[in-house]
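Me: I have a model open and would like to learn how to read its features one by one. Could you take me through it?

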Amino acid sequence: MMRENIMLIYQTYPYLINGSIITIGLVCGALGLGFALGVPMAVGQVYGNKFISGVISLYVWFFRGLPVLVLLFLFYFGLFTLIQLNLSAFTSAILVLGLRSAAYQSQIFRGSIKSIGEGQMLAALSLGMKKYTAIFNIILPQALRISIPGWSNEYAILLKDSAITYAIGVMEILTRANFVATRTYQPMPVYFLAGIIFIILTYGGVKLLNILENKVKTPGYGEER
Amino acid sequence: MSKLSKNAKAILRVENICKCYNTNEILRGISFEIKKGETKVIIGPSGSGKSTLLRCINQLTIPDKGSIWLEDEEVTQHMKDINRFRQKIGMVFQDFNLFDHLNALRNVEIALIKVKKMDKKEAQEKAIEELRRVGLEKQAHLYPAQLSGGQKQRVSIARALAMDPIVMLFDEPTSALDPELIGEVLEVIKNLAMGGMTMIVVTHEMGFARSVANEIIFIEEGKIIDQGTPHKLFTNPDHERTRKFICKIAELYGETANNK
């Protein structure tokens, strides 16, 4: 029995490893999209006028308010079909997870921006800097550094949420594990292997972000004096 | 002080500045002017509107009423162009407001590069020169978190000076410092005054005010109560209130108003 399980794991792991490449692509795409949208959203929410920050709040409220599975179905079977956007399950998953992650990421960045305080902004303006120059050169470089721990949380959560794209048939780790399990009637070793892969990916990504955090740390900052 | 000619033109003119926050009147019609090379010291109890007044001068706070003139141009009429004026008005804040992610050198040079569009090499030379002026060229590569309070404030003075301002505003530059660090900052400001910089300084340091100010302005509840030479305000103010305030502050900071 033990031997059989090991054989099964041995036979299926290349198949699951290929799935983890899909998962990594999905997570990177969604995190990237979330970052690209989340940063300007945070800036808009903090520095924008009432209208801009209102629209962004509405967006955040929507994407944080719905379960990820509802969002996936709503967009993949609903909206994308309705507007005859012919997207693959993989692309749709990146879009939905990315749009959702943008809502969460924007709040991570917003918190960081607010923690910097208005003093440095005033100093920059008093030197004759334009507001956006100050945001790009003074505020964001600091806010992004502060955001890394929160962002690594978002990575870990998004990685595991990505398994839910199984529901629309993205060929990621869980979908593949499920195929094998139903075909072999051996769910235990297969799901065990899938679990191991998820744990390794989480650990590796968080570790990488940890290294990045230390690498870009401002000297002397946050140390006791 | 004698080198100032009586008829020199005002470099900065503040006319009838008013500012309200909701129903709270912070400034109620403040007017004064400052000539080239003069140092004016503004004193007054906390909440009297001193900081708001300084911020109205470079429009970090937009006044409700009144006008600001820099040389011959009305700043309050050229809000689209405000960054041109702000470059000429250096500002030093109570809590330094250094850019925490940049070392001392980068703190000083960033506005030269991003605002004055200087090339990197030129900006760096200028920044080092300004750091030398405040005695910190050896600390150029240290980050704000690695500097003492006094050093931070001197970097922030160098940062403002690098823009070659024609007038400098100091908003309680020593109030956030440990007592033993105040001296080094006041020394830098004194040297600037000696070098002919035009300055408006909000401070509670009466000894400093007495030694560098051409004029002291006493503000309370958003109005100028008293103004005049240090000698006049320390010995013979128009209002009893001024005398009381000066006595109280001098007592607090370990100096009596009467010693010379």
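Me: Is Glu172(B) buried or exposed, and how do you decide?
Reply: We count neighbours: a residue is buried if 20 or more other C-beta atoms lie within 10 Å of its own, exposed if 12 or fewer, and partly exposed in between, with C-beta atoms placed from the backbone. Glu172(B) counts as buried because it has 21 C-beta neighbours inside 10 Å. Keep in mind that this is a predicted model, in which local features need pLDDT of at least 70, side-chain atom pairs count only at pLDDT 80 or more, and totals for chains, interfaces and linings use all residues. As for the labels, residues are numbered from 1 along each chain as its sequence is written, while chains are lettered from A and ligands numbered from 1 in the order in which they are written.

Me: Where is Glu172(B) found, and what is its phi?
Reply: Most residues other than glycine have a negative phi, and most peptide bonds are trans. Glu172(B) has a positive phi of about 45° although it is not a glycine. It is found in the loop between strand S7 (167-171) and helix H6 (179-194) of chain B. Helices here are DSSP runs of H or I with at least four residues, strands are runs of E with at least two, and both are numbered from the N terminus.

Me: Which loop holds Glu71(B), and what is the phi there?
Reply: Glu71(B) is found in the loop between strand S4 (65-70) and strand S5 (73-74) of chain B. Its phi is near 50°, again a positive value in a residue other than glycine. Glu71(B) counts as partly exposed, because 15 other C-beta atoms lie within 10 Å.

Me: How do I read the sheet that S4 and S5 of chain B belong to?
Reply: Strands of a sheet pair through backbone hydrogen bonds, either parallel or antiparallel. In our terms, two strands pair if DSSP finds at least two bridges between them. Here 4 strands of chain B form an open sheet in the order S2-S1-S4-S5, with antiparallel pairing. Its edge strands are strand S2 (24-35) and S5 of chain B, each of which pairs on one side only. S4(B) and S5(B) run antiparallel and are joined by 2 bridges. Across that pair, Trp69(B) stands opposite Glu74(B) in S5(B).

Me: What is the strand order in the sheet with S7 of chain B?
Reply: That open sheet has 6 strands of chain B in the order S6-S7-S8-S3-S9-S10, and the pairing is mixed. Strand S6 (89-92) and strand S10 (223-228) of chain B each have a single partner strand, so one side of each is left without a neighbour in the sheet. From one strand to the next the twist averages 20°. S7(B) and strand S8 (residues 199-202) of chain B run parallel, joined by 4 bridges. In that pair, Leu169(B) stands opposite Ile200(B) in S8(B).

Me: Let's turn to helix packing. At what angle do H1(A) and H7(A) pack?
Reply: Axes are lines fitted to C-alpha atoms, for helices over the stretch in contact, and angles run from 0 to 180 degrees between N-to-C directions. Helix H1 (residues 2-47) and helix H7 (residues 173-184) of chain A pack at an angle of about 155°, with their axes 7 Å apart. That makes H1(A) roughly antiparallel to H7(A), a label for angles over 145 degrees, where under 35 is roughly parallel, 65 to 115 roughly perpendicular and the rest oblique.

Me: Which residues of H1(A) and H7(A) meet?
Reply: Two residues are in contact if their C-beta atoms, placed from the backbone, lie within 7 Å. Among them, Leu8(A), Tyr15(A) and Gly19(A) are on the H1(A) side, and Ile173(A), Ala177(A) and Val180(A) are on the H7(A) side. The residues of this contact divide into 6 nonpolar, 6 polar and 1 charged. Ala, Val, Leu, Ile, Met, Phe, Trp, Tyr, Cys and Pro count as nonpolar, Asp, Glu, Lys and Arg as charged, and the others, Gly among them, as polar.

Me: How many residues does each chain bring to the contact between A and B?
Reply: Chain B gives 20 residues and chain A gives 21 residues. On the side of chain B that touches chain A, helix H2 (82-88) and helix H3 (104-114) of chain B each supply at least two residues. That side of chain B divides into 10 nonpolar, 6 polar and 4 charged residues.
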